[in-house]
There are 2 protein chains.
Amino acid sequence: MTWLDLPASTGFGITNLPYGVFTSPSSEHARTGVAIGDHVLDLAGLTGDPVHATGSLNAFMAQGPESWASLRSMITAWLTDPVHQDRITPHLLPRASVTLRLPFEVADYVDFYSSRDHAENLGRMFRPGSPALTPNWKHLPIGYHGRAGTVQLSGTPVVRPQGQAQSPEGPVFVASRRLDIEAEIGFVVGAPSALGTPVPVRDFASHVFGVCVVNDWSARDLQAWEYVPLGPFLGKSFLTSVSPWVVPLAALSAARVKPPVRDEALLPYLEDGDEPWGLDLTLEVRLNGAVVSRPPFRGMYWTAAQQLAHMTVNGASLRTGDLYASGTVSGPTREERGSLIELSWNGTEPLALPDGSTRSFLEDGDEITISASAPAADGSRLSFGEVTGRVQAAH
Amino acid sequence: MTWLDLPASTGFGITNLPYGVFTSPSSEHARTGVAIGDHVLDLAGLTGDPVHATGSLNAFMAQGPESWASLRSMITAWLTDPVHQDRITPHLLPRASVTLRLPFEVADYVDFYSSRDHAENLGRMFRPGSPALTPNWKHLPIGYHGRAGTVQLSGTPVVRPQGQAQSPEGPVFVASRRLDIEAEIGFVVGAPSALGTPVPVRDFASHVFGVCVVNDWSARDLQAWEYVPLGPFLGKSFLTSVSPWVVPLAALSAARVKPPVRDEALLPYLEDGDEPWGLDLTLEVRLNGAVVSRPPFRGMYWTAAQQLAHMTVNGASLRTGDLYASGTVSGPTREERGSLIELSWNGTEPLALPDGSTRSFLEDGDEITISASAPAADGSRLSFGEVTGRVQAAH
């Protein structure tokens with residue numbers, strides 16, 4: 001389809017076209033690019049449009065869905081019709097040569113809790129004998145606000161957080177002993193909404209620009225001591241990592257699936273409608289290079305469209321750059337769990353790694369990489385790239 | 001002291017000098033001003049410094065404490081030495097003639113829970129028979145992240161939020177029936193901090209620029225159904241109102257007091273040090289003009305300096321424009337409670353208003369105004385201005 005000579009199994013084919021922000025050896029000016037095969041198309045250089053030269057996707061995302069569709073259509077034409085080849089080629093830079101930046105300025109960050117398997121696993125671990133799910137779980141997508149200022153680009157070092165944890169002698173100051181990951185998918189709001197006006201489920205694609213991979217780093221010991229009654233705070237706020245490429249919703253048409261059957265009737269504002277937004281993404285979690293989990297996104301109980309409707313049903317407005325994450329993605333089997341606390345069953349069943357070591361939680365020097373992929377319209381798989389981070393000792 | 005003819009009991013005297021952002025009939029360009037008596041000093045017009053012409057305080061706040069002290073010193077000189085009078089006077093606009101704007105761009109918003117009386121009141125109401133405080137309460141300042149995008153200027157209409165609430169027949173969709181206020185004091189971060197580096201208690205005044213009044217509007221029925229296990233979300237995120245004037249920390253030297261004696265030993269990172277940041281502010285809550293409460297801030301268990309140290313102890317960074325609020329300010333007597341749920345004891349003891357009506361929670365058309373004041377260095381009282389909002393029927 002494209003006149004480019006793409007690597008055989010690239011996840012960055014002509015049906016993907018994710019957006020990122022980069023600098024290059026020839027220019028330290030941060031600008032918008034699109035990944036294609038092993039290259040980046042420099043949109044600022046090619047189009048001269050200042051919206052692509054701001055150093056973040058926000059200005060372009062704020063233009064709304066017609067602009068998004070129009071540019072995607074043009075890029076597709078440029079990369080498929082050989083008539084454009086001579087004009088385009090000078091603006092294709094080897095991906096290995098560029099430095100990626102945080103692709104968007106994060107406005108508000110919300111984290112949901114929408115995998116039933118994840119919520120049930122945690123419920124079984126921490127409330128044995130009680131129902132695994134809280135009474136509200138099947139009625140609304142539970143979520144909370146996280147710290148937008150510590151959402152950082154993939155690769156940012158993970159400094160082991162310090163803080164208060166419980167001990168038999170009372171609270172103690174520790175470097176977290178239970179540092180964990182949460183493998184999630186993030187949704188990036190492009191078009192804002194007005195204060196006081198809910199966004200219905202059916203308007204999801206009019207507001208959400210695209211999708212990235214998120215690692216919601218978590219310090220379980222800090223979280224356990226602090227979170228009653230107002231929820232997670234310092235156990236999460238030290239760092240949240242996102243992948244550098246934002247895959248447009250438009251690339252995911254072949255990935256849409258029906259969400260799971262719900263056990264409880266939904267209030268009308270949460271009904272899926274005729275075109276639900278279940279998504280058949282597969283995540284992969286690697287610890288020091290070894291695959292430790294492949295969480296399936298298609299089983300998520302609440303879709304991103306429902307999460308958006310819920311988040312705004314009280315009249316809360318959306319801003320360009322709002323990021324909301326799915327919550328830890330876990331499937332029903334052990335090999336599909338999206339956090340170490342689940343994979344090691346709260347430390348009682350440590351993971352065995354290929355080098356002979358075991359892990360319940362992260363050790364200094366450990367590297368976690370989470371990637372994701374989805375079926376593409378042409379039958380191949382499209383990649384979301386990856387989000388990675390290495391643990392450093394506490395300062 | 002000043003050559004201006006100030007109203008006798010103004011709260012905006014020469015020792016206050018709070019900062020705000022305004023437009024005027026002569027110019028729709030939003031710019032920084034300082035309140036003095038019944039006037040606003042137009043800093044952009046007077047100084048020509050572009051940092052005061054950006055439409056928010058952020059650029060100036062980001063310059064850090066030396067710039068803050070230097071400008072405050074200059075403004076004090078301009079307004080006290082008559083030699084400056086002819087030059088200054090053209091830049092003094094009647095306050096009644098200007099339109100105030102949200103004074104700063106909110107980066108992250110955090111809400112604490114630091115009044116012992118408030119926390120105990122809620123505990124007694126909702127967990128009768130159990131200890132009023134959760135086990136962590138006296139060991140750390142409990143807090144959570146709120147929605148920065150819905151922090152709005154005083155005067156923004158309060159559209160009654162809709163959402164899910166519990167009923168005997170299961171969850172129902174309602175316009176909130178338990179719409180409430182929370183009278184709080186907000187602290188505005190000026191100078192940022194680095195990711196991975198905690199800010200100690202003693203560095204509070206190097207990072208926090210100033211103080212405003214906050215109304216954390218709350219829908220108690222939405223909150224009650226959603227908040228286990230991840231904390232408040234839609235019950236809070238529809239609106240948080242802030243007062244238009246940010247009082248610099250430097251104005252509060254005469255308001256500093258020792259915080260209450262703590263029952264439990266503090267971990268070292270939370271120790272107050274020799275110059276603790278208890279503050280002798282008094283809030284006043286009016287409902288449709290009638291004073292219903294005067295919450296005392298001096299009794300707050302945790303100071304803003306401790307909250308800052310706690311918020312960053314895990315390595316979370318600060319950004320210019322971060323806002324963190326104290327949590328509802330309540331004192332030990334009924335007349336000092338900072339929320340309606342406390343004033344009406346969860347609806348069992350409705351408030352009697354002067355017009356003969358009663359209130360447990362807010363009705364459509366109700367107006368709430370919260371003001372605050374503190375002792376000034378010259379023996380007068382300085383005003384924080386007020387934050388107000390009127391309830392509109394659900395859309």
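In this predicted model, the contact (heavy atoms within 4.5 Å) draws on 57 residues from chain A and 57 residues from chain B. About 5200 Å² is buried between chain A and chain B, and carbon and sulfur atoms give 63% of that area; buried area is the accessible area (1.4 Å probe) that two parts lose on being put together, summed over both. Arg147(A), Leu230(A) and Phe233(A) contribute 16% of what chain A buries against chain B, more than any other three residues.

Local features need pLDDT of at least 70 and side-chain atom pairs count only at pLDDT 80 or more, while totals for chains, interfaces and linings use all residues. Side-chain values use heavy atoms, with hydrogens and water left out; residues are numbered from 1 along each chain as its sequence is written, and chains are lettered from A and ligands numbered from 1 in the order in which they are written.

**Interface between chain A and chain B**

- There are 2 salt bridges between chain A and chain B, a salt bridge being a side-chain nitrogen of Lys or Arg within 4 Å of a carboxyl oxygen of Asp or Glu.
- Asp322(A) is in a salt bridge with Arg147(B), with 3.0 Å between the closest N and O atoms.
- Several elements of chain A each supply at least two residues of the side that touches chain B, among them strand 6 (109-112), strand 10 (162-165), helix 7 (220-226) and helix 9 (304-312). Helices (H or I, at least four residues) and strands (E, at least two) are DSSP runs, numbered from the N terminus.
- Strand 7 of chain A gives the largest share of that side, 4 residues.
- The side of chain A that touches chain B is made of 32 nonpolar, 20 polar and 5 charged residues. Ala, Val, Leu, Ile, Met, Phe, Trp, Tyr, Cys and Pro count as nonpolar, Asp, Glu, Lys and Arg as charged, and the others, Gly among them, as polar.

**Open sheet in chain B**

- In chain B, 5 strands form an open sheet in the order 9-26-25-20-21, with mixed pairing; two strands pair if DSSP finds at least two bridges between them.
- Strand 9 (158-159) and strand 21 (290-293) of chain B are at the edges with a single partner strand each, so one side of each has no neighbour in the sheet.
- Strand 9 and strand 26 (residues 381-392) of chain B run parallel and are joined by 2 bridges; Val159(B) stands opposite Gln392(B).
- Strand 25 and strand 26 of chain B run antiparallel with 8 bridges, and Glu367(B) stands opposite Arg390(B).
- The hairpin of strand 25 and strand 26 of chain B has 5 residues between the strands, and Gly379(B) in its turn has a positive phi of about 90°.
- Strand 20 (residues 282-287) and strand 25 (residues 367-375) of chain B are antiparallel, joined by 6 bridges; Arg286(B) is opposite Thr369(B).

- Strand 10 (residues 162-165) and strand 11 (residues 172-175) of chain B run antiparallel, with 4 bridges; Gln162(B) has Ala175(B) as its bridge partner.
- This hairpin has 6 residues between the strands, and Gly170(B) takes a positive phi near 110°.

**Backbone geometry**

- Most residues other than glycine have a negative phi, and most peptide bonds are trans.
- The peptide bond from Val228(A) to Pro229(A) is cis, with omega near 10°; Pro229(A) is in the loop between helix 7 and helix 8 of chain A.
- Val228(B) and Pro229(B) are likewise joined by a cis peptide bond, with omega about 10°.
- Asn288(A), not a glycine, has a positive phi of about 50° and sits in the loop between strand 20 (282-287) and strand 21 (290-293) of chain A.

**Salt bridges over all chains**

- The structure holds 40 salt bridges over all chains.
- One of these pairs Arg116(A) with Asp263(A), the closest N and O atoms being 3.1 Å apart.
- Arg116(A) is in helix 5 (residues 116-126) and Asp263(A) in the loop between strand 18 (256-257) and strand 19 (278-279) of chain A, so the pair ties together parts 147 residues apart in sequence.
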